[in-house]
Amino acid sequence: MQSIQESELKKQYLDLLAEKYDSEEKVATEIISLESILELPKGTEHFVSDLHGEFNAFQHVLRNGSGNVKAKIHDIFNDRLTVQEMNQLTALVYYPEDKIKLIKSEFNSKADRDAWYTSTIHQLLELITYTSSKYTRSKLRKALPKRYVFIIEELLYKSNKYNNKNVYYNTIIEQIINLHQADKLIISLSNTIQRLVVDHLHVVGDIYDRGPDPDKIMDTLIDYHSVDIQWGNHDALWMGAYAGSQVCLANLLRICARYDNLDIIEDAYGINLRPLLTLAEKYYDDNPAFRPKKHPEKTPSESEKLQITKIHQAIAIIQFKLEGPIIKRRPEFEMESRLILDRINYRELTLDINGQTYPLEHTCFKTIDPRNPTALLEEEKEVMDKLIISFQESEKLRRHIDFLMKKGNLYLRYNGNLLIHGCIPVDENGNMEGMEIEGEYYDGHALIDKFEYHVRKAYNDIETQDDISTDLVWYLWTGKYSSLFGKRAMTTFERYFISDKATHKEVKNPYYHLREDENMVKKMLKEFDMDPETGRIINGHTPIKERDGENPIKANGKMLVIDGGFSKAYQSTTGIAGYTLLYNSFGMQLVAHQQFNSKENVLKTGEDELSIRRVVDEELERQLIRDTNKGAALQEEIEMLKALMAYRYMKK
């Protein structure tokens, strides 16, 4: 019965395909085109991770393709231009609008300006020819600015073998300049080069929190030509809040207050925090443990600091209260030890942890009833209800969360690599760890698939709160078997209220030391149905402390960790400003970045904040599109087209 249904579906599909390719010649032409594409070199993949709202640094890395633009300029012009001239051309490609203004201010005459226009346009056209050399003309045409397609194609594919077109080509350039189109053309050519040096972008988690502009990063990704996202733990908070999880919302608001980024909520997403401020002003005072961290781009007044400090306390206490009911109704989460509000001695202001009593400092428990510590005040309930509605009604936030869901997953198998933000939970012996969800036990690959199922279910039913799906999104943020968290417990409460730093320690899942072992990484690749001999795992989440000599390349190259500290909050620890990864047809290169100071410095000197490139490996044979995920999809299309030809022949 099933085979008859499949046969009928295939017949219907072939009939639909026949409408698109209504002649044998069209089918043959498409097969020839696709078969030829399979033999082109694979495109360059660009991997970034843990952006944490640092839009300026991210934008710079995106514009320079992790040094790919500069490398290609060096390849072409090394024997024709000076280092300074190549740096100036590089800066122009990165920031064309700003660089053009700087350069034009230095010209003494129209003739000098026109000569610069002419030479620069030719240089950029040559750079486009080089960067597009492994693409089809059709793909290049799609990357070109529509308003200049005819002009650019004429200049790109010019042929003057018989000296018949010299005047023609020169006139094109002259007219571009005379009609005041040169600036716009140079900007368009520069943007095209930025697009061509990277075929596909992978964001391995954590777009949100800590930094000031996650919304700008999301807008950039939405407009990017080809991208996928592996959700991070901080992204999960925002998805959870949109899905109706009040505890996820409380967590992200607390983090925004801690890092003095509440304007993300109010200004970027248009969400009114006045009700929360009113509550905070009523119940809380100044508290050194809750003062916001210094913001590198802000100098708030004392009254603003005090407001944030009060909001920080109010939302932290709400968060701790909201955690309690979830832990109690979900014993399978195994989080009873985190029922801290129930265990406080409110008379003595102490807390017992593992048999030891600790004094609590900087307490702010005015809204806590010791008889029912996790109960929200009516005012707190009203505030959280209003905030959830505001989150779900923010048009901009809805667009961003929709995009995260459309382009995102908890993990991705792509061109032989497993991309996952955090970890694959394992025990000390390397066995897959798991948990019970709705009466069934899941571990390894199946557990992470189950997590993703519930993330999507929560997103698709935003009206429902306190169900298992919404609770599991929060669990991904803080649970001990979460693939995003990767620790045994989150000690947020202890860091606020207990001075002994021994209580702040968060024990990592054994994954984080076992991933140094090549055989263990191969075992995990096999768990995800990947080739353990050729595959790799690419992680973010844990900043690599290069300053202490930690190596981001682990397990003999089978494991790559690319969180080097985009977030400024981490850079004093890591010693760098992030890793990125490039994977082209020749192999992989890991790039370490120095702190991005400003684009003004790049514009002035042309020098880039790039550090060393480390070759992860070199392919023995150059990889082709045939060897990629895209190639597999094209091969399926070819087989279907061949089936269409056979189907037509049978019908004759």
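Colleague: Where in the secondary structure is the place of Lys558?

Modeller: Secondary structure here rests on DSSP runs, where a helix is a run of H or I with at least four residues and a strand is a run of E with at least two, each numbered from the N terminus. On that basis Lys558 is placed in the loop between E12 and E13. Before we go on, note that this is a predicted model, in which local features need pLDDT of at least 70 and side-chain atom pairs count only at pLDDT 80 or more, while totals for chains, interfaces and linings use all residues. Residues are numbered from 1 along each chain as its sequence is written, and side-chain values use heavy atoms, with hydrogens and water left out.

Colleague: Is Lys558 buried or exposed?

Modeller: A residue is called buried under 20% relative accessible area, exposed over 50%, and partly exposed in between, with a 1.4 Å probe and protein chains only. Lys558 has a relative accessible area of 6%, and therefore counts as buried.

Colleague: Which residues does Lys558 touch, not counting those up to four places away in sequence?

Modeller: Contact means heavy atoms within 4.5 Å. By that criterion Lys558 touches Glu518, Val521, Lys522 and Leu525, and also Pro532, Glu533, Thr534, Gly535, Arg536 and Ile537.

Colleague: What is in contact with Asp235, leaving aside its neighbours within four places in sequence?

Modeller: Asp235 sits in helix H13 (residues 233–242) and, at 0% relative accessibility, counts as buried. Its contacts beyond those neighbours are Gly205, Asp206, Ile207, Tyr208 and Gln230. A polar contact is a pair of N or O atoms within 3.5 Å, where, within protein, one must be able to donate a hydrogen and the other to accept it, and residues adjacent in sequence count only if both atoms are side-chain atoms. Here the side chain of Asp235 reaches the backbone nitrogen of Ile207 at 2.8 Å.

Colleague: Which helices hold Ser190 and Lys310?

Modeller: Ser190 is placed in helix H11 (residues 182–196), and counts as buried at 0% relative accessibility; beyond residues up to four places away in sequence, Ser190 touches Leu92, Val93, Pro96 and Leu124. Lys310 lies in helix H17 (residues 302–329), where at 11% relative accessibility Lys310 counts as buried. Leaving aside neighbours within four places in sequence, Lys310 is in contact with Ala280, Glu281, Tyr284 and Asp285.

Colleague: How many disulfides does the structure hold?

Modeller: A disulfide is a pair of cysteine sulfur atoms within 2.5 Å, and the structure holds 0 of them. Cys256 is in no disulfide, the nearest cysteine sulfur, that of Cys248, being 13 Å away. Cys364 is in none either, and its nearest cysteine sulfur, that of Cys256, is 18 Å away. Cys256 counts as buried at 3% relative accessibility, and Cys364 counts as buried at 5%.

Colleague: Which domains does the domain assignment of the chain give?

Modeller: Domain bounds come from an automatic or database domain assignment, which here gives domain 1 (1–40 + 635–649), domain 2 (66–197) and domain 3 (233–502). The C-alpha centres of domain 2 and domain 3 lie 49 Å apart.

Colleague: What radius of gyration does the chain have, with its 652 residues?

Modeller: The radius of gyration is taken over C-alpha atoms, and the globule rule is 2.2 Å times the number of residues to the power 0.38. A compact globule with 652 residues would have a radius near 26 Å, and the chain has 28 Å, which agrees. The secondary structure comes to 28 helices and 16 strands, and 54% of the 652 residues count as buried. Among contacts between residues at least 6 apart in sequence, 73% join residues at least 24 apart.
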